[in-house]
Each structure stands twice: as C-alpha cells, then as structure tokens.
Amino acid sequence: MVFPSYSITQDGLPVILHHTGGKTSEGRITGLISSSHSSDDMELTEQLVEAGQDHDDQDNEWGDRRVILVGSGDMTRALAPSLLRAHYRPVVATRKPNRARYPGETQKVSLAEALQEMLPEAQVVKAFNTLSAYVLEREELYCGREVPVCGGTTFARARVMALVRDMGMVPVDKGGLKNARTLEEIPFQFFPEWKVAFIVTGIIFAFFWTIKFFRSQICYNLQKDGDWDWGVFEKLPLSNTQNALAFTGCLLLLLCYIPGMIAAYLQLWRGTKYSRFPGWLDTWLKSRKQLGLLSLLTGCTHGCLAIFLNINWHQAISWTQSIYITCGVLLAAVMTILGVTSLPSVSVKLTWREFSVVQRYLGWISVILLTSHLTFLSILGLMRPLSCYFLLSGPQIMVPVCFLTLMFKIPLVLPCIDSRLTKIRRGYERHNPTDSDNQMPKLIP
C-alpha cells in the first residue's frame, strides 16, 4: 500500500513529504522520506520524480512553485485550492484522475488584479481594506490588529508587511494577488458561517413558541366554559419564552450529532470516504459548531429564566424533579466544556486526538443527559391528551426524537460496524474491479 504523500520542489527536483497512514492518519506531515518504507515506495518516488521533471519541462514559468500531491484523498482536496490561492501550482498524482479534478474558478476578477493588468510594470499589493477609515484614524483602535496582505511577488508583500509592522499592526501573508478576491469581500460579509445556524434556530424557536402559545393560551380558553381568561396571556414574556428556549436548545444539540450519523451510514453504504456528501449534508456538517454554541446559549438562558419562574416553590421536590434538575445542571456543565473546547484559541492547544475525544464522547454524554433530563421532567405528562385534539407538547415531540437519535447511534458503536467504519475513515475502499491497484498514478495539473 502506498500512503498519501506530499512533495515540494527543492533545487528543481520534487522532494516527497510523507504523512503516515493507520492510526495516525489525521493528515499530519511527519517529515522527509529519507529511507523508503518498501521497495514499492522507493520505485514510486523515483517514477514521480521522473514524471514530475517531464511534466515541468512542458511549462517552466512556475519555476520552483510546483507541488506534487500524491493521492486524491481528503488532504489533497483541502490542500490543492489553498496552494492555488498561495500562488503554487498543485499537481495531483492519482490512479483516479476524475476524483482529483476540481470545479473551475468562477469568482470575478478583483479590483487589485484589474489594477495589475492596467499597470503591468508595477507590483500591486492588497492591504488595509479590512480596516475602516474610522479605525485607521485612531491608533488605540488599530494597534495590534491583523492586516491581511496579498500580492504577486514575495518581495512586494515583504515591503508592505514591513510597513504594516512599523504602524503597530500585525501583517498576515495571504499569498498571491488572486486572494484579493477574498480580501475584498471581507468588509461586506455578515456572519457568513453563522447564517444557517441563525436561520435554523429562529425557525425552531418560532415553532416551539407557537405550540406553547396555542396550548397554554388559545386552546385553554377554547376548551373552558365562560369568558376568556386574559390573565393567562401575562405568561407570554417569561413562561412561553423559557419553554421555547428549552426545547430549541434540546433540538439544536441533537442537530449537532444527527448529521454525523447520517454521514457514517452513507460511508458504510458507499464503502468509501472519498465520495462527496450531498450539498445539504455538507452544509449541515459545517454548521455543527455554530449550532452547538447556539444550543449552549439557549439552554443557559432557559436555565436562568426557569430559576426565576420556580423561585417561589414551597412544595417538596419529588425524586423525578431532583433527577431532572441534576441532569440539567450536568448537561449545562458538559455543554460548557464542549463550547469552550470548540473555540479556536482553545482547540489549537489540543491534539487532534484530544479534541476528537472531547467532542465525540462528551457530546454523546450530553445527548444521554438531555434524554434523561426531558424524560424525568415529563414522565407523568407524556401520555396526556393532546391539546385542541392535535397539538403535541414540547416533551411529547422531543423525548421520542431523543430516543430515536440514540437508537440509530447504537449500531454504529457495535465492534463489527465500528471497526469497518474506522477502516473506511482511514482510507480503505471497497474493492472496485474496474480499478487497477498496480496502475501508475497519473499527474493531473
């Protein structure tokens, strides 16, 4: 087996950088291959060097900016666009060329690129556009700020980055001038990574708030004899809001882990991790962090409001109430740990194994605590008649959803299925008779 490798040219020849497979295949580059793991690896390396030289002879304008990526897995798909933005030329060596091809560039030309075309003798560098004029007029506001810098040549970028440092700011090298397209969009962005999470949270909150409104205010008056009791509408600001926040936080927490299960079942069905997920699932997976933080926010807000609502309790607390309160407090503690470790300043200090263990195991512990919290909260009310003949209560909706989530998770932790899923996520693919295992990888520019 040839493990995925990376190479960067040095003195005109490709130098292979290799990251190991197996249990440590999280994508870390471990160093140069000074001695091959096998004769097959050595032969592959020599053939790639020759192929890389022949390929480079066809186009010398890139000089020593070419990077050969061996394999077309997750790391290659992630590295190739980043290398292009950094003004390198990625060349993918793969036995499956169709997998290595990426969609063409569809972004419009940036103003900086247009200016470079108008002034071919100049060296255009993009900088400072992420700061407003108001900030630049006040040293106490811009001192220590990061300033992205991109330009066509390293020399030009270095000159501008020195200027940024002299002004008391921190320059960030963003590579070639093509990256000006991204820099020019930054001032106009409005929570781009949070858009989906905010919309989902708003829809869920409105759903549960409406259910509570009809059950507690509208249906209550429709089913009682006599005049309407307008006093029940006084609960709208506090009681209805905390109730909707509670079930919104519960569902958001489940939405952090349901897409991972769907992805796992898809990978088991397809027998590979290299097949792309549907667009909706990919967007869902990328929104899990934001959904989790909003779950923490709504859950903590619900807890604070619940304290004020129940502060005048005079009756003794039953054992079911004690359990659900305990589960709720533990759930808040676990979710706080998950939220803190997801912050970039904290996660960067953790190894990949530490981060994955915290997010995976504590995450599912939080789902179990959530299920217990809801079950003991409404253990006597789950079988109550529906309000207005059709409206389910929050617990009648969420408790079955929690148990269904856990039920679909159980098969994935069985040793026979977990071991197969682990193999797939480490690069194993179900054998395809149309593929030739001994075929020499092709270079795809």
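Here are a few notes on the structure above, point by point.

1. Some ground rules. This is a predicted model, with local features needing pLDDT of at least 70 and side-chain atom pairs counting only at pLDDT 80 or more, while totals for chains, interfaces and linings use all residues. Residues are numbered from 1 along each chain as its sequence is written, and side-chain values use heavy atoms, leaving out hydrogens and water.

2. A nonpolar surface patch. Y265, L404, M407 and F408 make it up, with about 370 Å² of accessible area together (Shrake-Rupley method, 1.4 Å probe, only the protein chains shown counting as cover for residues). Patch residues have over 30% relative accessible area and no salt bridge, and nonpolar side chains (Val, Leu, Ile, Met, Phe, Trp, Tyr) are joined within 5 Å; a salt bridge is a side-chain nitrogen of Lys or Arg within 4 Å of a carboxyl oxygen of Asp or Glu.

3. Helix α16. Spanning residues 394-413, helix α16 gives the most to that patch, with 3 residues (helices, H or I, have at least four residues and strands, E, at least two, as DSSP runs numbered from the N terminus). M407 sits in α16 and is partly exposed at 46% relative accessible area (buried is under 20%, exposed over 50%, partly exposed in between, with a 1.4 Å probe and protein chains only).

4. V329. You'll find V329 in helix α13, residues 319-341, and at 55% relative accessibility V329 counts as exposed. Its C-alpha atom is 8.8 Å from that of G303, 26 residues apart along the chain.

5. Strands β7 and β8. β7 (residues 146-151) pairs with β8 (residues 170-173) in the parallel sense over 4 bridges (pairing takes at least two DSSP bridges). V149 stands opposite D173 in β8.

Terms used: Patch = residues over 30% accessible without salt bridge, like charges linked within 9 Å, V, L, I, M, F, W, Y side chains within 5 Å.
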